[in-house]
Amino acid sequence: MPGGSSGFDEADADAFFLDVQNPYDYISQVRAALKPGGFFGTLIPTFNQVERTLNALKKNKFAFVEVCEIMLRHFKSDPARIRPTDRMVAHTGYLIFARRIEPNSDPRGKELENEVSIEA
C-alpha cells in the first residue's frame, strides 16, 4: 500500500475502518496509523478470517476487542400472522472492533497489557 512508514497516508488517526479481504495482514500498519487509544473496525464474511484477525490484534497489542455477528431475519408482513419468513440468511458477516493500547507503568495498564499479550 502506498504511503508513509505505516504503509498508509494517515497518521495519528482517531479511528480506522479497514474494508479489505485480509485485514489481519494490515493490523501492524493500522496500529502505526492510529493514535494511542484509537479505534479500529473491520467487516469480514467468514469465521476463519475472524480468527486470524483476532490473533493479529492480540499480537499487535489491541484491547477492548469485540466481535459481532450480523444477523438478518426477515418477517412476514401480514399483521394477523407476524412470524419469520420461511427462508433466512444465516449471517451476512462479522464486525470486529478494537482499540490501540500503549504499555505503561500504571498497574491498570500492566494488567491490560498482560490480558492481551500472546502466551509463549
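A nonpolar core is a set of buried Ala, Val, Leu, Ile, Met, Phe, Trp, Tyr and Cys residues joined through side-chain atoms within 4.5 Å. The legends below refer to a predicted model.

**Figure 1. Overall arrangement of the predicted model.** Three helices and four strands make up the protein, and their order along the sequence is β-α-β-α-β-β-α. Of its 120 residues, 30% count as buried. Among contacts with a separation of 6 or more, 60% are between residues 24 or more positions apart.

**Figure 2. The largest nonpolar core.** This core has 17 residues, and those with the most contacts inside it are Phe16, Ile27, Val30, Leu34, Phe40, Leu57 and Phe62. At least two core residues come from each of β1 (13-18), α1 (27-33), β2 (34-44), α2 (47-59) and β4 (89-100). Leaving aside residues up to four places away in sequence, Ile27 touches Phe40, Ala56, Leu57, Asn60 and Phe62.

Figure 3. The 13 residues of α2 reach 19 Å from the first C-alpha to the last, close to the 18 Å expected at 1.5 Å a residue. Gln49, Val50, Thr53, Ala56 and Leu57 are buried in this helix. These residues lie on the same side of α2 because they cover an arc of only 130° around the axis. An α-helix has 3.6 residues a turn, so residues three or four places apart point the same way. Exposed residues Phe47 and Lys59 are carried on the face of α2 turned away from its buried side. Lys61, which follows α2, has a positive phi near 60°.

**Figure 4. The salt bridge between Glu102 and Arg31.** The closest N and O atoms of Glu102 and Arg31 are 3.0 Å apart in this salt bridge. Glu102 is in the loop between β4 and α3 (107-116) and Arg31 is in helix α1, so the pair ties together parts that are 71 residues apart in sequence. Glu102 counts as partly exposed, at 32% relative accessibility, whereas Arg31 is buried, with a relative accessible area of 15%.

**Figure 5. The network around Glu102.** Arg100 also forms a salt bridge with Glu102, with the closest N and O atoms 2.6 Å apart. Arg100 is buried, its relative accessible area being 15%. Through shared partners, salt bridges join Arg31, Arg100 and Glu102 into one network.

**Figure 6. The salt bridge between Asp86 and Arg83.** In this pair the closest N and O atoms are 3.6 Å apart. Asp86 is exposed, with a relative accessible area of 67%, and Arg83 counts as partly exposed at 30% relative accessibility.

Terms used:
Residues numbered from 1 in each chain as written. Predicted model: local features only at pLDDT ≥ 70, side-chain atom pairs only at ≥ 80, totals over all residues. Heavy atoms only, no water. Buried < 20%, exposed > 50% of the residue type's maximum accessible area, 1.4 Å probe, protein only. Contact = heavy atoms within 4.5 Å. Expected span 1.5 Å × (residues − 1). Arc of directions from axis to C-beta. Salt bridge = Lys/Arg side-chain N within 4 Å of Asp/Glu carboxyl O.
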